[in-house]
Amino acid sequence: AIEKEMKNVRIAFEKIDDVTEQQMRTGKVRPGYSFCSTHMIFDIKMDGSFTRKARLVADGHKTAPPTSMTYSSVVSRDSVRIALTLASLNSLEVSACDIGNAYLNAPCREKLWTVAGSEFGSEQGSIMIIARALYGLKSSDAAWRATLAQTMEQLGYKPTQADPDVWIKRSLKGDGTPYYKMMLISVDDVLHLAEDSSEDMAKLSEIYRLKDGTRS
């Protein structure tokens, strides 16, 4: 489980060569950067197979709060109910997906460095810059939401005024009837409503890794 997690999370770090921990703590090597320790947590998933899971997380509770917004909103339950009603009335397909290792797709908004632990193997003891929105950091929620919002815009979607986590895009049905495709987002879970939901879900899967693919 540790080896699998480190393959996924290694992209979150940038190694700095020929620099000691003492030099970094002076603040002269990378001005503005603060130290942030990390630790590994373990769990057993209740997925029927009792899969063992490991995750490397940052000790964000030990770092100073960033000046920018740190939270991430999620789609409301009322929006989900309305969307499912619209899907039923307009004969739209409903599919869902869970984006894997979502936060690691977003850049880190904080200037942080750490010392690689034993889980880094031969790189243990090296000085690492945290380059991605590692789980546990105060700003990771907001960083991931901004990244996914940019992806939605690239796919042609726009947020609604009533709920910024409901994204819509003008489209046409096979018979020429105009309608709106919809993407409802709750952190890394996406609910998609469209006449052919596989089209935009396929585009999303080209950008992110979707856990267990797409479910209808």
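Predicted model: local features only at pLDDT ≥ 70, side-chain atom pairs only at ≥ 80, totals over all residues.
I began with the charges: the protein carries 28 positive and 28 negative side chains, with the centres of the two sets 3 Å apart. I counted Lys and Arg as positive and Asp and Glu as negative, leaving out His and the chain ends. I placed each charge at NZ of Lys, CZ of Arg, CG of Asp or CD of Glu.

Residues are numbered from 1 along each chain as its sequence is written, and side-chain values use heavy atoms, with hydrogens and water left out.

**Overall picture**

I looked up the secondary structure and found five helices and twelve strands; these are DSSP runs numbered from the N terminus (helices H or I, at least four residues; strands E, at least two). The C-alpha trace spans about 65 × 40 × 25 Å along its principal axes. The accessible surface comes to about 12,200 Å², and carbon and sulfur atoms hold 50% of that (Shrake-Rupley method, 1.4 Å probe; for residues, only the protein chains shown count as cover). Of the 216 residues, 42% count as buried (under 20% relative accessible area; exposed is over 50%, partly exposed in between; 1.4 Å probe, protein chains only). I also checked contacts (heavy atoms within 4.5 Å): among those with a separation of 6 or more, 66% join residues 24 or more positions apart.

**Aromatic rings**

How many aromatic pairs does the structure hold? I found four, taking rings of Phe, Tyr and Trp (its six-membered ring) as paired if their centres lie within 6.5 Å; planes under 30 degrees apart are stacked, over 60 edge-to-face and the rest tilted. One of them is Phe-13 with Phe-120: the centres are 5.1 Å apart and the planes stand at 85°, so I logged the pair as edge-to-face. Phe-13 belongs to strand β1 (residues 13-16) and Phe-120 to the loop between β6 (112-115) and β7 (127-130), so the pair ties together parts 107 residues apart in sequence. Both Phe-13 and Phe-120 are buried.

Next I looked at Tyr-103 and Tyr-135, whose ring centres are 4.6 Å apart with planes at 10°, so this pair is stacked. Tyr-103 is in the loop between β5 (93-99) and β6, Tyr-135 in the loop between β7 and α4 (140-154), so parts 32 residues apart in sequence are tied together. Tyr-103 is buried at 10% relative accessible area, and Tyr-135 is buried at 15%.

**Positive phi**

Most residues other than glycine have a negative phi. Asp-18, though not a glycine, has a positive phi near 60°; this residue lies in the loop between β1 and α2 (21-25) and is exposed at 80%. Ser-91 shows a positive phi of about 55°, sits in the loop between α3 (77-89) and β5, and is exposed at 62%.

**Thr-63**

Is Thr-63 buried or exposed? I have Thr-63 down as buried, at 9% relative accessibility, in the loop between β4 (52-58) and α3. Leaving aside neighbours within four places in sequence, Thr-63 contacts Phe-35, Cys-36, Glu-110, Leu-112 and Lys-138.
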